[in-house]
Amino acid sequence: MKRAILVSGKASLNQEIKSMLSLADYQLLATTDNGMEALRLTHRFEPDLIIMGWNLRGLSSSEVLQNLVVQHLCPIIVVLTQEEQHVLTEVINEDAHNVLLYPWRVHELIAAILLAEHRYTRETENSQQIQKLEEELKTRKLIFQAMLSLIQQRGFTEQSAYAALRKQAMSSRKSLRMVAQDVLKGLWVPEQVD
C-alpha cells in the first residue's frame, strides 16, 4: 500500500479524503494544517502522494506548493473548495500535478490520484533524460576540446587525435571523457605525430 500525507485544515474535507484514500490503495501517514510542518513531514516520511488544501497555517499554501514542486519528491494534488476557486490559475501556474475541486465523487478523487502519479512519473523520466543528454553534451564538449588541443599543440589531425584518445581509453580502461580530462589537465599527452 502506498503512503500519503494530507495537508489541510478543513475537518470535513479531511474526513472525506481519509475515507476514500484506501480505495486508491493509499494509507494515510499524517495530517497537518501547518505549512512548515507539512514540509517536515514530507522529508520525514517520504510519502508517495501529498494532498493539500489551500488555507494553511504557518507558511502559505503557495510557498508550500512551490517548495514541494521544486523538491520533486512525490505527486501533489491540491484540493480547492468553491470559495477558493479564484486561486485555480495560481495553483496551475505553481505546477501542482493535479487540482481537484470540492465537492467531488469517489471516482474523481481516484482519477485525480492516477493522473497526478502519471504526470509525476513523466516529469521524473523527462528530468532524467535531460540530465543524461546534458552529461552526454558535456562529454562531447570535453572530447572536442581535448582533440582541439592535440590538433593545435601537437599537430594531430582530427582523426588521429580521436584515435589517440580512444586508444588511451581502451588501454587504460578509462572512459573517453576521463582521458579527455587528462589531456586538458596535462596529465597525459600522446606521442607526437610525425
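Predicted model: local features only at pLDDT ≥ 70, side-chain atom pairs only at ≥ 80, totals over all residues.
**View 1. Strand 4 is covered on both of its faces.** On one side of strand 4 sit Ile76, Val78 and Leu80, on the other Ile77 and Val79, and all of them are buried. Here, buried means under 20% relative accessible area, exposed means over 50%, and partly exposed is in between (1.4 Å probe, protein chains only). Strands (E, at least two residues) and helices (H or I, at least four) are DSSP runs, numbered from the N terminus. Five of the five residues of strand 4 are buried, so this strand is largely enclosed by the rest of the structure. Residues are numbered from 1 along each chain as its sequence is written, and side-chain values use heavy atoms, with hydrogens and water left out.

**View 2. Strand 3 and strand 4 pair in the parallel sense.** Three bridges connect these two strands; strands count as paired if DSSP finds at least two bridges between them. Look for Ile50, which stands opposite Ile76 in strand 4. Right-handed means that, with the strands pointing away from the viewer, the path from the first strand over the helix to the second runs clockwise. Strand 3 also has buried residues on both sides: Leu49 and Ile51 point one way, Ile50 and Met52 the other. Strand 3 runs parallel to strand 1 as well, joined to it by four bridges, and Ala4 has Leu49 as its bridge partner in strand 3.

**View 3. Strand 5 pairs with strand 4.** Strand 5 covers residues 98-101 and pairs with strand 4 in the parallel sense over four bridges. Leu80 has Leu101 as its bridge partner in strand 5. To get from strand 4 to strand 5, the chain goes through helix 4 (residues 88-93), and this β-α-β crossover is right-handed.

View 4. Met52, Val64, Leu65, Val78 and Val91 have the most contacts inside the largest nonpolar core. This core has 21 residues; a nonpolar core is a set of buried Ala, Val, Leu, Ile, Met, Phe, Trp, Tyr and Cys residues joined through side-chain atoms within 4.5 Å. Strand 1 (2-7), helix 2 (35-45), strand 3 (49-52), helix 3 (61-71) and strand 4 (76-80) each supply at least two of its residues. A second, separate core of 19 residues includes Ala4, Leu21, Leu49 and Ile77. In soluble globular proteins, nonpolar side chains tend to be buried together. Ile17 is a buried residue of helix 1. Helix 1 spans residues 11-21 and holds Ile17. With a relative accessible area of 1%, Ile17 is buried. Leaving aside its neighbours within four places in sequence, Ile17 is in contact with Leu6, Ile51, Val79 and Trp104.

**View 5. Thr81 lies in the loop between strand 4 and helix 4.** Its relative accessibility is 6%, so Thr81 counts as buried. The side chains of Thr81 and Glu83 make a polar contact at 3.1 Å. A polar contact is a pair of N or O atoms within 3.5 Å; within protein, one must be able to donate a hydrogen and the other to accept it, and residues adjacent in sequence count only if both atoms are side-chain atoms. Leaving aside neighbours within four places in sequence, Thr81 is in contact with Lys10 and Tyr102.

**View 6. Tyr102 and Trp104 form an edge-to-face aromatic pair.** Their ring centres are 5.0 Å apart, with 80° between the planes. Rings of Phe, Tyr and Trp (its six-membered ring) pair if their centres lie within 6.5 Å; planes under 30 degrees apart count as stacked, over 60 as edge-to-face and the rest as tilted. Trp104 is buried, at 8% relative accessible area. A cis peptide bond, with omega of about 5°, joins Tyr102 and Pro103. Pro103 is in the loop between strand 5 and helix 5 (106-154).

Methods
Contact = heavy atoms within 4.5 Å.
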